[in-house]
Amino acid sequence: VPHEPAPWTPALERVRERVQRLAGKPFNSVLGNLYRDGRDGMGWHSDDEPELGRNPLIASVSFGATRRFRLRHRRDRTLTHALDLTDGSVLVMAGATQHHWQHSITKTARPVGPRINLTYRRIAETRR
């Protein structure tokens, strides 16, 4: 699905500047997701698209309701980790994380409010 880039809004730029300081690297792209309630989730995946490069640096910023973030090893799916992403939290995934692990935001039947997730990334420059 082709996505046309839009200019940075002042709010997204302010968050990007803070996240870049935390991560120690620049980002040139952000993906936004709205989780309206517990019925919205994100299935198991890795952020391993070719345009992200070999060892992508991904910074995930959460606003709103707390949601459970899960990790599972790609080969040994009994190896798992889970943590709650709270309002204002920043999760940074780096190095070989995307090669060895998948992650998800699981759906839940418990009442939960809306959450916005901003995922900052560096898209490799392509030559045309």
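A search of the whole structure, a predicted model, finds two aromatic pairs, where rings of Phe, Tyr and Trp (its six-membered ring) pair if their centres lie within 6.5 Å, and count as stacked with planes under 30 degrees apart, edge-to-face over 60 and tilted for the rest. In this predicted model, local features need pLDDT of at least 70 and side-chain atom pairs count only at pLDDT 80 or more, while totals for chains, interfaces and linings use all residues. Residues are numbered from 1 along each chain as its sequence is written, and side-chain values use heavy atoms, with hydrogens and water left out.

**Aromatic cluster**
- Trp 8 and Tyr 120 form a stacked pair, at 6.1 Å centre to centre and 5° between the planes.
- This pair links distant parts of the chain, with Trp 8 in the segment before α1 (10–23) and Tyr 120 in strand β8, 112 residues apart; helices (H or I, at least four residues) and strands (E, at least two) are DSSP runs, numbered from the N terminus.
- Tyr 120 is buried at 0% relative accessible area, whereas Trp 8 is partly exposed at 29% (buried means under 20%, exposed over 50%, partly exposed in between, with a 1.4 Å probe and protein chains only).
- Ring pairs join Trp 8, Phe 27 and Tyr 120 into a cluster.
- Over the ring of Trp 8 sits the charged end of Arg 16, 4.0 Å from the ring centre; the criterion is NZ of Lys or CZ of Arg within 6 Å of the centre and within 35 degrees of the ring normal.

**Arg 121**
- Arg 121 is found in strand β8 (residues 115–121) and is buried, with a relative accessible area of 10%.
- Leaving aside neighbours within four places in sequence, Arg 121 has contacts (heavy atoms within 4.5 Å) that include Phe 27, Asp 47, Glu 49 and Leu 57.

**Four-stranded sheet**
- An open sheet of four strands runs in the order β2-β7-β4-β5, with antiparallel pairing; two strands pair if DSSP finds at least two bridges between them.
- β2 (42–45) and β5 (80–85) are the edge strands, each with a single partner, so one side of each lacks a neighbour in the sheet.
- β2 pairs with β7 (residues 101–105) over two bridges, and Met 42 stands opposite Ile 105.

**Nonpolar cores**
- The largest nonpolar core has ten residues, among them Tyr 35, Phe 69, Trp 101 and Ile 105; such a core is a set of buried Ala, Val, Leu, Ile, Met, Phe, Trp, Tyr and Cys residues joined through side-chain atoms within 4.5 Å.
- β4 (67–73), β6 (90–93) and β7 each give two or more residues to this core.
- A second, separate core of seven residues includes Val 19, Phe 27, Leu 57 and Val 61.
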